[in-house]
Amino acid sequence: MADLATRPPLLHLARSRLRLRPGQTGVVIAGLVLLVAVVGSLLAPLVWPLDQSAVALDQTRLAPSWTHLAGTDDLGRDVAHRAVYGLRVSLLVGAVAALVATVLGGVVGGIAGMLGGRVDRLLMRMVDTIAAMPHLLLGIFIVAMLRPSLGAVIASVGLTHWLSTARIVRSELLSLRTRPFVDAAISGGAGRFRVLTRHLLPHVLPRLALATTLMIPHAVWHETALSFLGLGLPPHLASLGNMINDGQGSLLTGAWWASLAPGAVIVVVTLAIAVLAARWRDRLDPRVRAELHL
Amino acid sequence: MTRSGRLAGAGAVVRRRLLVAVPVLAATSIGMFALGAASPVDPAKQYAGAAAFTASEENLAQIRANWGVDDPLPVQYLRWIGNLVQGDLGWSTSRHEPVASVLSARAGWTLLLIGVALALALVGSLLLGSLAAYRRGGLFDRALRTAAYAVQSMPVFWLGLAAIAVFALALGWFPAGGLTDVTATSTSWADVAHHLILPVGVLAVSQAPWFVLFVRDAVAESMRDDHVLAARARGLPGRTVLFGHALRTALLPFLTLVGTHLPELVGGAVLVETVFSLPGLGAVTVAAALGSDFPLLAAITLVTTAVVLAANLTTDLAYAAADPRVRLDG
């Protein structure tokens, strides 16, 4: 927590950077939530170390209290403590998997957008067809064949979530290609590679960064869904999906916090990411200020 | 264009779609097969189960020979895909029965869950989205949008567990899972319906935000159309303007988008079935995944994809038939 002397300038900075109108407190709250989530999960091993395998069988299913903010689960483990580490894993997996998906989608969309014509039509038909595959089923198939592990989960998310990025990059490139500055560069003697790297990429990158950010919540949902089904991260590891899965038994006996508290963490953090990304998109494209976010 | 001309166009569209879908599905099946072949699980030992620890090398070799798992991979692939195309979906190694009989015994419940939830989500979102669009920026609009964003960030299995905690455990209105009462000796429709209310509701609510936000935007857009303004100027009642004029214009494009949302719905159904212990495809999919049951998983994935593709094609063709201005280029 920042001390009082630095807080107002920080808020002011955030306001001016995001061009906040008064009343857009949702964005500020989302930013703070995300800041706490990221800093918290980065610093957790230093300030609040967790023994992943520790259990306390004399303190099972305790209701939330001041000593156990989110209660304890059926093995007496502190739910809030493990949720911090679960969030850490989820954000890590989400960010890496979103990057993988962005690279895949960027390459496919880039080829389609740069070459245009027949290749573009073919690639986009392919994307449309692949979009008809239920991506959870495909993701389950991938982890089942690779055996559940961190790498399998990342592969599962990356291989199933690149389609939207491919579409975004492709349509960006197609519209950019017809703009006068690209004609000017070509008539100035720039080759295809130079046009791509010096003139087109700088325009596409902000979109790509936004697409990656918007992907993180999806990656987190996918990862937690796999873990919830028992197909994701190793069961002893404190991950949000594993915790929700483990907590099901407790939930049925009335200890709802073991499952619902880790889930609430997912809801709050992904909502915060979505709110910030929506604001970011409005700034990228002020002409079509979307009232519809996400 | 004449009606017969449009229908001839439909034939070309079907051909073009198949021309892309078949190679893509073939490529996907090769990718899936390669992944299955690279999997560290030994199918012979998996088939033998616990007996693999005591089975002799000859017995395992016999199983291998029977299954043809030592043949070259292209041969194995062609055998698998050839059988698949001819309708033989293979043998499920996790359930020890033909994949086709697993699917036929279970798909009905999943289809019922998806169908009713989709219908509920559609009706609800058309109603709520239109009402929100009527007074854009009003209290109801803002509340609905906030709720939609909030629900959108809730994983469907978490929503299901929360529903169980509230409606099954705290209030005791509905059962927490299963399809029939544990004491029931026969299956009665009333009992099944009572058990399905919560799962169907959870699936519908979890899918609704996307629909609601789309309807709200589309109707808000068409509220500005000339014919809607004209209807208002003639002094027609608000309800007629909203549902008879504005929603009607927005309805067709919306219905085609429903098809693209089906894969999402299938994934949601798998998770909801798991939460509520329903005997649909979700439970077998998870069990198959835990047992690395390649034939069953591959068949479920490819069959659902084919069904979604067919549904998309049908909605697109219906759209083109309903609106003569629409031309399909794909």
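I'll start at one spot between the chains: in helix 5 of chain A, His135(A), Leu136(A) and Leu137(A) meet Pro263(B), Val266(B), Gly267(B) and Val270(B) in helix 11 of chain B. Contact here means that the C-beta atoms of two residues, placed from the backbone, lie within 7 Å. Helices are DSSP runs of H or I with at least four residues, strands are runs of E with at least two, and both are numbered from the N terminus.

This is a predicted model, in which local features need pLDDT of at least 70, side-chain atom pairs count only at pLDDT 80 or more, and totals for chains, interfaces and linings use all residues. Residues are numbered from 1 along each chain as its sequence is written, and chains are lettered from A and ligands numbered from 1 in the order in which they are written.

Back to the helix pair. Two packed helices are described by the angle between their axes and the distance between the axes. Helix 5 of chain A, residues 135-146, packs on helix 11 of chain B at an angle of about 60°, and the axes are 7 Å apart. The axes are lines fitted to C-alpha atoms, for helices over the stretch in contact, with angles from 0 to 180 degrees between N-to-C directions. That angle makes helix 5 of chain A oblique to helix 11 of chain B. Under 35 degrees would count as roughly parallel, over 145 as roughly antiparallel, 65 to 115 as roughly perpendicular, and the rest as oblique. By class, the residues of this helix contact are 5 nonpolar, 2 polar and no charged. Nonpolar covers Ala, Val, Leu, Ile, Met, Phe, Trp, Tyr, Cys and Pro; charged covers Asp, Glu, Lys and Arg; the others, Gly among them, are polar.

Now the whole interface. It takes 46 residues from chain A and 46 residues from chain B. On the chain B side, the elements giving two or more residues include helix 1 (3-38), helix 8 (189-222) and helix 11 (262-275). Helix 13 of chain B gives the most, with 9 residues. That side of chain B has 31 nonpolar, 14 polar and 1 charged residues.

Last, chain B by itself. Its domain assignment, automatic or from a database, gives domain 1 (3-97) and domain 2 (103-322). Their C-alpha centres lie 32 Å apart. In the contact between them, 20 residues of domain 1 of chain B meet 19 residues of domain 2 of chain B. Helix 1 of chain B supplies the largest share of the domain 1 side, 10 residues.
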